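Have a look at the sequence and the 3D picture first, then work through the points below.

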Amino acid sequence: MSKFGRKKKGMPAVNTASLPDIVFMLLFFFMVTTTMRETSLKIQNPKLPNATEVKKLEHKSLVSTIYVGKAVDIEKEGTGDKIQLNDKIANVDDIAAFIYNERDQVSEKEVPYMTTSIKADVECNVGTITDIKLKLRDVNALKLSLSARKPGN
Amino acid sequence: MSRKELPEINAGSMADIAFLLLIFFLVTTTMDVDSGISKKLSEKPPEGYVPPVIKKRNIFEININRNNELLVEEEPMKIEDLKEATIKFIDNGGGLGKLIDGVSTGECDYCEGARSTASSDHPNKAIISVQSDRGTKYGMYVEVQNELLKAYSELRNRLSLKKYNMTYTELEQAYKDSNRSDEELKEKVSDIKTSYPQIISDAEPTSAN
């Protein structure tokens, strides 16, 4: 009886010596998986359309991204669909130069595998996308990916 | 001995520093994988190129107007019914396939369609043409593309299940898992692909103004 009736002399402190180890492990995990956003968005973060038949884009270095959407700074850039290449809002005519520039950054062997990813807002007009497509066709950048989200993710 | 007098460095704040870094990386990390509907643009036609004449019954015409309404083969249609109508069109198999290397592919012996003479001849002849207005919403356009791709993958899965006892999705995955080196799987994948080739063409958009 005395065994059960014995009063506890306060809880023993939890040993926290391994806490830094755990935290460091997590830290390294996130350091390795993190990818910094290279470009800051000048357009409003596009609300991507939903689609079920999506394919994952492999080889990130071979992907050039074109953003389409409304400008953040409407007063300066005006309303309507804007195209962002690299880190500034550009004109449709700049797309050719943009693609050539992207091509320079990879070896010649890999150029046919380059993909252009269009991240456009659901509210965009198809006309803007078609203009981009025509420009891409002019410079023979024929692989295209219309960025979309799988519902449920 | 002076060694004994060296004070131990206090490591109590190590966890705090690590936590700070951890939180920084937690906030900046983005784990999203880029995914999207892949499309292949057609090459720019040479100057003075005359497009080949295609029988009207081999073209499945989809119009999207600026109010995001669908007109399929001159009939208004809801987006929910588009997949079924597309499958019916592709899988019709009412005639002979196109010539590949001068050899006719013959009748479609794997089609399960109605074999009507008013619809497409063969899956490799069936062209889907999407015409949209400049003012059409991009979201709607993607939705239509998605429905068309759904129709194709359903047909491919069905054929693959019948022929190789696994769906096309599994077949493709298995081929990918073999590092694209398994010749047998490659053969199967390309066989299904040529049986139901995706022929989706985007016509130049109309503009009402």
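Over all chains, the structure holds 17 salt bridges, where a salt bridge is a side-chain nitrogen of Lys or Arg within 4 Å of a carboxyl oxygen of Asp or Glu. This is a predicted model, so local features need pLDDT of at least 70 and side-chain atom pairs count only at pLDDT 80 or more, while totals for chains, interfaces and linings use all residues. Side-chain values use heavy atoms, with hydrogens and water left out, residues are numbered from 1 along each chain as its sequence is written, and chains are lettered from A and ligands numbered from 1 in the order in which they are written.

**Salt bridges**

- A:Lys135 forms a salt bridge with A:Asp93, and their closest N and O atoms are 3.4 Å apart.
- A:Lys135 lies in helix α5 (residues 126-138) of chain A and A:Asp93 in the loop between β4 and α4 (95-104) of chain A, so this pair ties together parts that are 42 residues apart in sequence.
- Helices (H or I, at least four residues) and strands (E, at least two) are DSSP runs, numbered from the N terminus.
- How many salt bridges are there between chain B and chain A? The count is three.
- B:Arg134 pairs up with A:Asp131 in a salt bridge, with the closest N and O atoms 2.8 Å apart.

**Where the chains meet**

- Chain B puts 46 residues into the contact and chain A puts in 52 residues, contact meaning heavy atoms within 4.5 Å.
- The two chains bury about 4400 Å² between them, 61% of it on carbon and sulfur atoms; buried area is the accessible area (1.4 Å probe) that two parts lose on being put together, summed over both.
- On chain B, the residues that lose the most area to chain A are B:Asp34, B:Leu41 and B:Tyr138, together 19% of what that side buries.
- The rule finds 17 residue pairs in polar contact across this interface (both at pLDDT 80 or more). A polar contact is a pair of N or O atoms within 3.5 Å; within protein, one must be able to donate a hydrogen and the other to accept it, and residues adjacent in sequence count only if both atoms are side-chain atoms.
- Which element gives the most to the side of chain B that touches chain A? That's α1(B), with ten residues.

**A sheet built from both chains**

- Seven strands form an open sheet with mixed pairing, in the order β1(A)-β1(B)-β6(A)-β5(A)-β2(A)-β3(A)-β4(A). Two strands pair if DSSP finds at least two bridges between them.
- The edge strands are β1 and β4 (88-90) of chain A, and each pairs on one side only.
- Strand β1 (residues 55-56) of chain A runs antiparallel to β1(B), joined by two bridges: A:Lys55 stands opposite B:Gly36, and A:Lys56 stands opposite B:Ser35.
- β6(A) also runs antiparallel to β1(B), this time over five bridges, and A:Leu146 has B:Ile37 as its bridge partner.

**One residue to look up: A:Arg137**

- You'll find A:Arg137 in helix α5 of chain A.
- A:Arg137 touches several residues of chain B, including B:Leu41, B:Ser42 and B:Glu43.
- The C-alpha atoms of A:Arg137 and A:Ala96 are separated by 9.5 Å, though the two residues are 41 residues apart along the chain.

Notes
Lists of a residue's contacts leave out its neighbours within four places in sequence.
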